[in-house]
Amino acid sequence: MQLIIRQALIASPDSPDHGQIRDILVEGDTIQQVAPHISTQADHEIKADGLTISPGWIDPFCHFCDPGHEHRETLASGAATAAAGGFTRVFLLPNTQPVADNKAAIEYTLSKSNTLPTLLHPLGAITKGCQGKDLAEMYDMHHSGAIAFTDGLTAVQQPGLLLKALQYVKAFSGVVIQLPVDKSIGAHGLMNEGIISTRMGLPGIPALAEEIMVKRDLDLLRYTQSQLHITGITTEKSLNLIRDAKQEGWKVTCSVTPFHLLFCDEDLQQYNTNLKVFPPLRNSSDRAALREGILDGTIDCISTHHLPQHSDQKQCEFEYAAPGMIGLQTCFPILQHIFPELPLERLIALLSTNSRKLFQLPVPSFQEGQTAEFTLFSRQGTTTLTPSNNKSLSSNSPLFNQTLPGKVVGTMVRGSFHLNQTV
């Protein structure tokens, strides 16, 4: 199959034509020509107002619930959702049934994903069963294809165990991912602890539950001199701790979710269960600090924390609702809504190149003979998530039927182009 992309702005700092508008001819999975104008006719031609092309986007923290909870999401539906959101690769949490804590579970995901429209990278569990007691078979999982290691939604609580994991992955330059929360603080909390939780009469989760874990994990990182990625940070103090560690030269990176950039605890006052997430939405001051962290480069990448939940787990009292939100299809529009003037290089770093470099994945370059793995998008378009164009099996999002700026046009991966005709 031949594909010509007409007059697209190339957003790829590693490419010689970065910042230039070019025609791009792709045949199979290879870029054949990049030029100001290409007269060749092809099987398919893509042209759109404000069309931009970048290396394929990556989401390093997603839950596709397969195996074990396929009624919420499957590998196939999750991959389709990711492609519609512009992602060519996603990292999958090990919190499945059974837990991905051995090489057979890693190989299951890889074998099932060979023909899907998105490359799926399984994350291996740090501990057996994600129970935080004994280290899992990390070396075997690494050799079977685990991209990094995390206990996912259940952060490692024992400092000695996390220390061993950080030391262990040094043998193969691996990365440990932590969702920072001390479960002994605010264990029964339902939202951020503060004025809003008091008004609503709901038990809170104090910011301290996150910040004390971030500080502890950074101390362990300094001791082991390993590599740590902290995902889903929500508070200003957490961000400052990470900023200081970076300035000291330690190998720490961090990510934030789109919904922590968009919402705050004030938005929960109508008890919308689709806004019940974990870690919880913090106050407006913390949200402002996270937005500043995006602009100044402290935050390395965006993680959607895509977490499908069945309607029965959301259409209930706030107290009993399960936390989580789907977010792959609305990630880019949210960023475009909050940061309409964000420099293109920074946008691509957040969605693609920083994650690729951190997790030792190839950074595609738009040159003749290079493998084609890219995302096409328009900052001038708009997106409206509706029940009909939602690719996920779940619908736990507060953003249905809301029009946001920015539109994903399609993705190219494994020699197949996936045109997004629904947004």
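In strand E13, Cys254 is the bridge partner of Ile230. Strands here are DSSP runs of E with at least two residues, and helices are runs of H or I with at least four residues, both numbered from the N terminus. The model is predicted, so that local features need pLDDT of at least 70 and side-chain atom pairs count only at pLDDT 80 or more, while totals for chains, interfaces and linings use all residues. Residues are numbered from 1 along each chain as its sequence is written, and side-chain values use heavy atoms, with hydrogens and water left out.

Strand E12 (residues 228-230) and strand E13 (residues 252-256) run parallel and are joined by three bridges; two strands count as paired if DSSP finds at least two bridges between them. Both belong to an open sheet of four strands in the order E9-E12-E13-E14, with parallel pairing. Strand E9 (176-178) and strand E14 (301-302) are the edge strands, each pairing on one side only. In E13, five of five residues are buried, that is, under 20% relative accessible area with a 1.4 Å probe and protein chains only, where exposed means over 50% and partly exposed lies in between. In a regular strand the side chains alternate between the two faces of the sheet. Both faces of E13 are covered, with Val252, Cys254 and Val256 buried on one side and Thr253 and Ser255 on the other.

Ile302 lies in edge strand E14 (301-302). Along with Val90, Leu261, Ile294 and Ile299, Ile302 has the most contacts inside the largest nonpolar core, which has 80 residues. Such a core is a set of buried Ala, Val, Leu, Ile, Met, Phe, Trp, Tyr and Cys residues joined through side-chain atoms within 4.5 Å. A second, separate core of 18 residues includes Ile5, Ile10, Ile31 and Val409. Leaving aside neighbours within four places in sequence, Ile302 is in contact (heavy atoms within 4.5 Å) with residues including Val256, Leu261, Cys331 and Leu335. Cys331 and Leu335 are among the buried residues of helix H10. That helix (residues 331-338) is mostly covered, with seven of its eight residues buried.

Strand E1 (residues 2-10) pairs with strand E2 (residues 21-27) in the antiparallel sense over six bridges, and Ile4 stands opposite Leu25 in E2. E1 also runs parallel to E4, joined by three bridges, with Leu3 opposite His44. Two bridges join E1 to strand E5 (residues 51-55), again in parallel; there, Thr52 is the bridge partner of Leu9.

The loop between strand E3 (30-35) and strand E4 (44-46) contains Pro36. Pro36 is partly exposed, with a relative accessible area of 45%. Leaving aside neighbours within four places in sequence, Pro36 is in contact with Gln7, Ile21, Arg22 and Asp23.

Finally, the largest pocket holds about 640 Å³ of space. A pocket is an open set of points on a 1 Å grid over the protein atoms alone, where a 1.4 Å probe fits, with protein on both sides within 12 Å along at least five of seven lines; lining residues have an atom within 4 Å of a point. Grid points are joined across faces, edges and corners, and the volume is the space filled by probe spheres set on the points. Of the 33 lining residues, Leu153, Thr154, Phe278, Leu307 and Pro323 lie nearest the centre of the pocket.
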